[in-house]
Amino acid sequence: MRKLLLTALCAVSLFANAQKKVDSAHVFTLGRVVVSSPKPVSSVVGSFRLERFARTDVAHALDLLPGVNVTAVGPRNESMVYVRGFDLRQTPLLLDGIPIYVPYDGYVDLARFTTFDLSEVNVSKGYTSLLYGPNAMGGAINLISRKPVKSFELNGATGWLSGGYRSDLHIGSRLAKWYFQAGISRLNRDSFPLSKSFRPSKNEEGGWRNNSYSRDDKVDVKVGYTPTRNSEYAIGYIYQHGTKGTPVYTGTDTLNSQFKSPRFWKWPYWNKQSLYFLSNTAIARKQYIKTRLYWDQFRNELDSYDNNTYTTITKPYAFRSIYNDYTFGGIVEYDDSIANGLDVIKATVQYKADVHREHNVGEPVRKMSDGTLTTGVENELHLSEQVKLLTGFSFNNRASIEAQNYNSTTRAVSDFPSNNNSAWNLQGGLEIRPDVYNTITFSVARKTRFATVKDRYSYSLGTAIPNPDLRSENTVNYDLGYKGFFGGWLTVESSLFYSHIGNTILSVNNVFYDSVKRVWESQVQNVGKSEYIGGEVGFEAPLSGPVKAGANYTYIKMNNLSNPAIKFVNVPRNKLFGFVQYSLRDLFYVQVNGEYNSSRYSTSYGTRAGEYSLFNGLVSYHVWKYFSVEGGVNNIFDRNYALVEGYPEPGRNYFVSLRYRY
């Protein structure tokens, strides 16, 4: 570990200013949620870095950042991240400021979101603006689309990767006060290769991973109008179609239900559509009204087969499950800058309706829906040229609109009792800039997260009883940050953080005895208390001439205060990332990056996924004015590793692409 740390600290980087301009030029700024908060650690992955690190999906793009840990939901073949220990239910996913997480459980499969059409991936940690809306207990993730800056733009890439291929094409135009942006892409993989060190198991012989296929298609269109310099209006539409398999458990944990009863699952479709309207209207010299109106649809089908032939669905545990969800809502924000910009006030009103519809084939459709209302205000006050005070307050209410229950014995549909829950958020921050090279920040924030539909109503395949009256979780987050620039070449960013979480939603065993089934059933309740303690540090600097490098390190310890025997899963205590690059003008580029993760728990009773180190490389050559060729290797040393015990990740794999840009 010490050698890896010293190696990475010697490999720190600072991208050239020209590269930063490439990142920012095509950012759709209307899609940003403008925050009045200190940002002590770099939290943005721009389009240039997405290309240079060959990150084709959002999960692995986020893994470049400190404080963010990528993981997987192995039994569902989903990619997820934890932000300073908080999962996606507590750190919502947004697109251009529009919430797009799944209504039923608050999660979303980040591997289904490709990065080809994004200008940047933005993560807010610790002190998070209340403008992000409800459930931003641990932060928020905002995917920001592209915006053209020239009269005609065309770019994309076509290439081969181990087990599949990728292709994307984007076209844009800006003419006078109008602009247009459109794109189409596909990322296809028939399967991925396992490491040669993988040991074959009952359901996996090695070589190419069984049932690991996936395909993700995306179409996006956006039209915008800018009547004045300070006003802008845009309407966007995105369609995603995905399909994937779920590789079978290959581990050795005999307590894992997958060890004796493996799942043979396929997802014939995993589709999303988003239609949204964004606006920013200047009503006075320094007053603005911003709106976001949106409709987002999520549809998928999960087929559970009898065995690994994936041909029949006849056994009692086999099924075809269909979700048909949608969300619609609106956000209004008012900004006012007074006292020559020394005092900035922002207020917001938001409403979001989530509708979940599900059924297994042969069963009636059940509907569940919630309405969530948010009101909030933030203030940014400059006490002096060196000191800034940030404050914010919001009130949230979540009320059930409809919740239907299904009795599989009588095949009758009935209603759960209605319920609602209110929660409040309060935060404050102080930013001190003793000079132009150094910034110190400190913040305290009380944030909340409402119980999801699944939290309140799920029977967990017959092993639990619902709890419609679950209350919201809450946390108090403390953050101390520093950013400095030394000697005109070295940038240092760091943060210490502490979170105390109360009312944690956890499953409690043996709550109710079912005399018919003769089994004890569990229930999800507000019983947990926990704390997350950690720190982040990042270094960036050019080394000499065309050589640049970078590194960041994250430490986090998660303590279950209510029941220490129950382990927190999926978050390693130590994560280290570093890279070094060499570039010869715009002609030639080569980069090597490495990552170390310590072991992590995969189950609450203590099963672990082991520590691992990965190294990746990429070479790019600009062959002609509009074309460049790139190729690379991921997992260079063919490490056999897993993010979740029993679900091995890809071994050594390759890619080659032709990029074109006009």
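Predicted model: local features only at pLDDT ≥ 70, side-chain atom pairs only at ≥ 80, totals over all residues.
## Strands, rings and a cavity

Residues are numbered from 1 along each chain as its sequence is written, and side-chain values use heavy atoms, with hydrogens and water left out.

A word on terms: strands (E, at least two residues) and helices (H or I, at least four) are DSSP runs, numbered from the N terminus, and two strands pair if DSSP finds at least two bridges between them.

The open sheet here has five strands in the order β1-β6-β7-β4-β5, with mixed pairing. β1 (44-46) and β5 (98-99) stand at the edges with a single partner strand each, so one side of each is left without a neighbour in the sheet.

Now look at β7. Strand β6 (residues 118-125) pairs with β7 in the antiparallel sense over seven bridges, and Val123 has Ile141 as its bridge partner in β7. Strand β4 (residues 93-95) runs parallel to β7, and three bridges join them; here Leu95 has Leu143 as its bridge partner.

Why is strand β7 (residues 139-145) described as largely enclosed by the rest of the structure? Seven of its seven residues are buried, so the rest of the structure largely encloses β7. Buried means under 20% relative accessible area, exposed over 50%, and partly exposed in between, using a 1.4 Å probe and protein chains only. In a regular strand the side chains alternate between the two faces of the sheet. Both faces of β7 are covered: one side has the buried residues Gly139, Ile141, Leu143 and Ser145, and the other has Ala140, Asn142 and Ile144, also buried.

**A hairpin and its neighbour**

With two residues between them, β31 and β32 form a hairpin, and Trp624 stands opposite Phe627 in β32. β32 also pairs with strand β35 (residues 653-661), in the antiparallel sense over eight bridges, where Val629 stands opposite Leu658 in β35.

**Rings that meet**

Trp624 and Phe627 turn up again in a cluster: ring pairs link them with Phe152, Tyr626, Tyr660 and Tyr662. Rings of Phe, Tyr and Trp (its six-membered ring) pair if their centres lie within 6.5 Å; planes under 30 degrees apart count as stacked, over 60 as edge-to-face and the rest as tilted.

In the whole structure, a search finds 25 aromatic pairs. One of them is the stacked pair of Tyr437 and Phe485, 6.4 Å centre to centre with 20 degrees between the planes. Tyr437 lies in the loop between β20 (420-435) and β21 (438-449) and Phe485 in strand β23 (residues 473-486), so the pair ties together parts that are 48 residues apart in sequence. Phe577 and Phe579 form a tilted pair, because their ring centres are 6.3 Å apart and their planes stand at 45 degrees.

| Residue | Relative accessibility | Class |
|---|---|---|
| Tyr437 | 48% | partly exposed |
| Phe485 | 30% | partly exposed |
| Phe577 | 3% | buried |
| Phe579 | 4% | buried |

Rings can also meet charges. A charge sits over a ring if NZ of Lys or CZ of Arg is within 6 Å of the ring centre and within 35 degrees of the ring normal. The charged end of Arg446 sits over the ring of Trp424, 3.9 Å from its centre, while that of Arg608 sits over the ring of Tyr601, 4.2 Å from its centre.

**An enclosed space**

How many cavities of 30 Å³ or more does a search of the whole structure find? There are 10. A cavity is a set of points on a 1 Å grid over the protein atoms alone where a 1.4 Å probe fits but cannot get out, and lining residues have an atom within 4 Å of a point. The second largest cavity holds about 230 Å³ of space. Its lining has 21 residues, with Tyr101, Pro103, Asn135, Asp354 and Thr452 nearest the centre. β17 gives the largest share of that lining, four residues.

Notes
1 Å grid on protein atoms, 1.4 Å probe; cavity = no way out; pocket = protein on both sides within 12 Å on 5 of 7 lines; lining within 4 Å. Points joined across faces, edges and corners; volume = space filled by probe spheres on them.
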